[in-house]
Amino acid sequence: MTEVGDDDREVLLVVHTGRDKNPGLAEQVAERFSRAGVRLRVLEDEAPDLDPSCFTRVVPADSQAAVGTELVFVLGGDGTLLRAADLARPAGVPVLGVNLGRVGFLAEADSDALHEAVDHVVQRCYHVDERMTIDVTARLNGTVLDSTWALNEASVEKTVRERILDVVVEVDGRPVSAFGCDGVICATPTGSTAYAFSAGGPVVWPDVQALLVVPSNAHALFARPLVVSPASVVAFEIDSAGQPAELSCDGRRTVALPPGARVEVVGGSTPLKLVRLRKGPFTDRLVNKFSLPVQGWRGPSAG
């Protein structure tokens, strides 16, 4: 269980305000927190869409937004949670997601358990997991174009639809394969159920420390997904005589990559903390989120 002091409790509320019902749900959350003496702060770009009774403080959406809070409480889908992760990670505070979207794989609770999730926070009845992240650097001829991070994945994708992107994949400074493709992904175990999964990558349990390399529609004999050490350096180098590309991290932060650019991915220096309301195997979460069949084709046993 988490251990939080009794005095001056404050939570950052992040809401996907673009859906009509969500501001009303935010009001319900705010009321329950207020009754328990927990103050709420909200982001300045979301505050106009929320009733003033929902918060006591408005903050910019920057690296200081969550500093001093107990956790970040998210109402929305995985995209909203990834936005909240940008704010929570530099502050070192955990994120609790309530899914108001579709699959919401990163979320801890669905909308029908919203009040239960609030009660768990009020009662300090939750656990905190640390999830591996990745640090990503893009360079051109040794000059850094950008440095960023991701919770799910870093993907290098073609920007010209009619053309093939020529990429060399390296691990620890050694080339592994070169191929034409639509793109190539380096994902964390958390991201294995996101974009990497859609591209044909394996599902990796979140307590496994590893980096995944997953080509997307590669034209090559050897273009299988790879699972490598978290201590490895994974690099994607774009053909200098080929097409430009784009680096995308968690679908949120993008960097234009000219021909000849190089992207290096390493295990992240700072993990992300995720709130878990109850302990249980990842297997159950996987089965529930994807509605996987768990009975054989013969049906349940007669015994």
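**Salt bridges, rings and a helix face**

Student: What is the relative accessible area of Glu-264?
Tutor: Glu-264 has a relative accessible area of 22%, so it is partly exposed. Keep in mind that this is a predicted model.

Student: Which residue does the Glu-264 side chain meet in a salt bridge?
Tutor: Arg-262 is a salt-bridge partner of Glu-264, with N to O at 2.9 Å.

Student: And which residues does the network around that pair join?
Tutor: Arg-262 and Glu-264 belong to one network with Arg-139, Glu-170 and Glu-237, joined by salt bridges that share partners.

Student: How many salt bridges are there in the whole structure?
Tutor: The search finds 22 salt bridges. One of them brings together the side chains of Glu-46 and Arg-83, at 2.4 Å from N to O.

Student: Where do Glu-46 and Arg-83 sit in the chain?
Tutor: Glu-46 is in the loop between strand E2 (39-43) and strand E3 (57-59), while Arg-83 belongs to helix H2 (residues 78-91). The two are 37 residues apart, and their pair links distant parts of the chain.

Student: Are Glu-46 and Arg-83 buried or exposed?
Tutor: Both Glu-46 and Arg-83 are buried.

Student: OK, what about Asp-129 and Arg-276?
Tutor: Their side chains also form a salt bridge, with an N to O distance of 3.8 Å. Asp-129 is part of strand E7 (residues 127-131) and Arg-276 is part of strand E20 (residues 272-276), so this pair ties together parts 147 residues apart in sequence.

Student: Why does Arg-276 count as buried?
Tutor: Because its relative accessibility is 6%, and buried means under 20%. Asp-129, at 31%, counts as partly exposed.

Student: Switching to rings: how many aromatic pairs are there?
Tutor: The count comes to five aromatic pairs. In one of them, Trp-205 and Phe-282 have ring centres 5.0 Å apart and planes at 70°.

Student: Why is the Trp-205 and Phe-282 pair edge-to-face?
Tutor: Because the planes are at 70°, and angles over 60 degrees count as edge-to-face. Trp-205 comes from the loop between helix H4 (195-198) and strand E14 (211-216) and Phe-282 from helix H5 (residues 282-290), so the pair ties together parts 77 residues apart in sequence.

Student: What are the relative accessible areas of Trp-205 and Phe-282?
Tutor: Trp-205 is partly exposed at 34%, whereas Phe-282 is buried at 13%.

Student: Which ring does the charged end of Arg-89 sit over?
Tutor: The ring of Trp-149, with 4.2 Å to the ring centre.

Student: Now helix H3. Which of its residues are buried?
Tutor: In helix H3 (residues 114-122), the buried ones are Leu-114, Ala-117, Val-118, His-120 and Val-121. They cover an arc of only 155° around the axis, which puts them on the same side of H3.

Student: What covers those buried residues of H3?
Tutor: The cover includes helix H1 (22-35), strand E4 (71-76), strand E5 (95-99) and strand E6 (109-110). Just after H3 comes Arg-124, with a positive phi of about 55°.

Student: Last one: where is Asn-152, and what does it touch?
Tutor: Asn-152 lies in the loop between strand E9 (143-150) and strand E10 (153-158), and it is buried, with a relative accessible area of 7%. Beyond residues up to four places away in sequence, its contacts include Leu-82, Leu-106, Cys-186 and Asp-250.

Technical notes
Residues are numbered from 1 along each chain as its sequence is written. This is a predicted model: local features need pLDDT of at least 70, side-chain atom pairs count only at pLDDT 80 or more; totals for chains, interfaces and linings use all residues. Side-chain values use heavy atoms; hydrogens and water are left out. Helices (H or I, at least four residues) and strands (E, at least two) are DSSP runs, numbered from the N terminus. Buried means under 20% relative accessible area, exposed over 50%, partly exposed in between (1.4 Å probe, protein chains only). Contact means heavy atoms within 4.5 Å. A salt bridge is a side-chain nitrogen of Lys or Arg within 4 Å of a carboxyl oxygen of Asp or Glu. Rings of Phe, Tyr and Trp (its six-membered ring) pair if their centres lie within 6.5 Å; planes under 30 degrees apart count as stacked, over 60 as edge-to-face and the rest as tilted. A charge sits over a ring if NZ of Lys or CZ of Arg is within 6 Å of the ring centre and within 35 degrees of the ring normal. The arc is that of the directions from the helix axis to the C-beta atoms.
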